[in-house]
Amino acid sequence: MSAIVIRKGMFTTVQDGGRTGHAAEGFSVCGASDRRTFTAANLIVGNRPDESTLEFTVDGPTLRFEEDAVVSVCAPDSDPDINGNRVPVWTPLRVQAGDVVCAGRMKYGLRGYLAVKGGIRVPRILGSRATDLRCGIGGLEGRALRNGDVLPVIPCGGREYERVFRRWRILNRLAPMTNEYRTEPVARLLPGPEADRFSREAVGILTSCTYRVSVDSNRMGLRLEGPAVVQGLRTDIPSGGLQEGTIQITSGGTPIVMLADCQTTGGYARIASVIPTDLPALAQLRPGEKLSFRMTDRGAALRAYRLWRMKIGFWERGIGKYADGRSEC
Amino acid sequence: MEFRQAGLTGVVCFPGGATGDATADAVAALTRALNDAGIRGALETVPGFDSVFVRYDPLRVSEHGLCRKIKKVYERIGEIRTTCGKTVEIPVCYGGRYGPDLAFVAENAGLTPEEVIRIHCAPDYRIRMIGFLPAFPYLGGLDERIYTPRLETPRAEIPAGSVGIGGTQTGIYPLASPGGWRLIGRTPMRLFDPEKGALYAAGDRIRFVPVGPEVFEGRDP
């Protein structure tokens with residue numbers, strides 16, 4: 001069955017956990033920029049954690065569902081409604097045939113996720129449903145949503161909704177999947193491959209100053225405005241691998257933080273990497289907003305990451321096994 | 001072999017090498033060996049120009065454990081052979097509307113356009129790595145006679161399939177993209193397939209084959 005896009009919102013794409021296994025051929029991983037909120041949106045409706053969802057930007061889309069469904073809207077802030085009646089965020093929602101779901105408008109934060117139980121069932125390209133905007137593949141025809149688009153989804157009835165809601169109530173009490181948005185985040189870093197090319201003073205600048213997100217930022221990365229980490233130094237390297245979270249220092253001396261759509265390789269020195277649990281907050285920053293960095297140690301980074309993965313594992317076990325293509329509905 | 005940390009989930013290996021070619025051989029051999037070995041916890045192996053980047057799950061393998069396993073895989077590689085991988089022929093229509101900078105490259109080199117084409121087609125170029133865009137090959141082996149500086153101001157859009165020279169490098173733009181390379185020709189070939197991925201991999205070779213403009217007949221300009 002379908003969900004019809006009545007209004008596309010500001011900028012909405014189909015994203016899943018990302019396209020892995022093809023980086024050596026130059027394919028960016030893509031997928032959700034804020035991995036935490038995206039994962040929560042999926043688990044809340046009883047999806048696998050990396051299922052395809054809609055990632056929306058500030059002003060979310062409006063969809064009409066042809067048949068019953070179960071959805072969630074997760075974002076730092078939003079005011080979703082069904083048929084004009086306000087519904088809560090970070091909660092499984094019952095959708096009935098013909099209902100019009102509006103993801104809402106974000107007063108703060110940048111990206112939100114609308115998850116549908118069973119996922120957005122566009123064709124997989126190279127194993128993933130993520131939209132790669134640069135090369136126009138994946139998601140819905142490799143592009144952002146337009147008014148009138150038709151999204152393939154799975155119908156889900158009232159009984160299934162009851163099951164999802166009950167499970168969510170229990171799991172959310174024991175291991176809450178809730179909004180963790182904060183302004184002016186401090187992102188913890190671990191050293192990058194070229195860390196020792198930079199003087200202690202340079203690293204000190206990166207980890208003591210406040211930076212602002214530039215308007216040139218997008219899903220590929222955050223370009224930052226602020227004190228140059230180095231001056232008048234060539235920062236070229238023979239091209240090497242990148243992943244989201246990597247911080248490159250350009251020859252101008254300013255940092256760029258890689259995000260989901262980043263290139264697979266880059267030619268600038270990689271001074272550090274944002275640790276995985278701290279990257280989602282950066283994907284929520286609007287141009288002009290502030291952030292800062294500080295170095296951490298592997299032990300702390302690993303502990304935070306392990307806690308996050310354990311939480312996901314706990315929810316997955318609570319939700320039970322599911323096979324791709326087989327709906328519980 | 002040198003290992004460097006790339007945050008919590010990455011490791012970069014520098015196999016070293018006395019010459020550029022030796023390094024390229026080592027990078028290609030290590031990439032192949034890692035893909036074959038399938039180390040538990042290693043998620044993705046990406047060859048760079050002089051390094052191999054491995055993304056991994058730190059809950060399945062420790063950084064220390066991963067480096068140890070990579071080192072073992074590398075030591076077990078027998079003779080590092082240069083001649084691995086396949087050769088892919090890329091038909092190129094040189095000059096005219098498909099190669100607007102061919103005349104400049106020729107003049108800059110003090111050669112005729114025909115000589116530039118002959119020199120450009122002569123070698124089998126080794127793919128050192130793929131990056132920047134899907135199927136964008138970083139090629140080694142451009143003849144230094146046709147090294148040409150990049151454009152002062154990059155073009156806002158280069159047509160997909162454009163073959164160009166940028167400084168000491170040559171390559172192909174698989175997709176329309178902004179760029180500062182000098183365009184000497186264009187290929188009608190689709191360099192990646194959404195079903196299967198790129199047409200070639202790091203370690204393969206590319207041979208440019210000159211063809212006439214009829215290959216573009218009936219297509220959009």
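Before I start, a word on naming: helices and strands here are DSSP runs, at least four residues of H or I for a helix and at least two of E for a strand, numbered from the N terminus. With that in mind, and remembering that this is a predicted model, let me begin in chain A, where A:Phe11 sits in the loop that lies between β1, residues 2–7, and β2, residues 13–15. Together with A:Met10 and A:Leu133, A:Phe11 makes up a nonpolar patch on the surface, and the accessible area of the three together is about 240 Å².

Let me turn now to chain B, where seven strands form an open sheet with mixed pairing, and where the order across the sheet is β7-β6-β15-β5-β12-β9-β10. At the edges are β7 (137–140) and β10 (169–172) of chain B, each of which pairs on one side only, and from one strand to the next the twist averages 40 degrees.

How do β5 and β15 of chain B pair, parallel or antiparallel? They pair in the parallel sense, over six bridges, and within this part of the sheet B:Glu89 has B:Arg207 in β15(B) as its bridge partner. By contrast, β5(B) and β12(B) run antiparallel and are joined by two bridges, with B:Gly185 in β12(B) as the bridge partner of B:Tyr94. Strand β6 (residues 125–130) of chain B is also antiparallel to β15 (residues 205–210) of chain B, again over two bridges, and here B:Arg126 has B:Arg205 as its bridge partner.

Terms used
Residues are numbered from 1 along each chain as its sequence is written. Chains are lettered from A and ligands numbered from 1 in the order in which they are written. This is a predicted model: local features need pLDDT of at least 70, side-chain atom pairs count only at pLDDT 80 or more; totals for chains, interfaces and linings use all residues. Side-chain values use heavy atoms; hydrogens and water are left out. Two strands pair if DSSP finds at least two bridges between them. Axes are lines fitted to C-alpha atoms, for helices over the stretch in contact, and angles run from 0 to 180 degrees between N-to-C directions. Patches are made of residues with over 30% relative accessible area and no salt bridge: like charges are joined within 9 Å, nonpolar side chains (Val, Leu, Ile, Met, Phe, Trp, Tyr) within 5 Å. Accessible areas come from the Shrake-Rupley method with a 1.4 Å probe; for residues, only the protein chains shown count as cover. A salt bridge is a side-chain nitrogen of Lys or Arg within 4 Å of a carboxyl oxygen of Asp or Glu.
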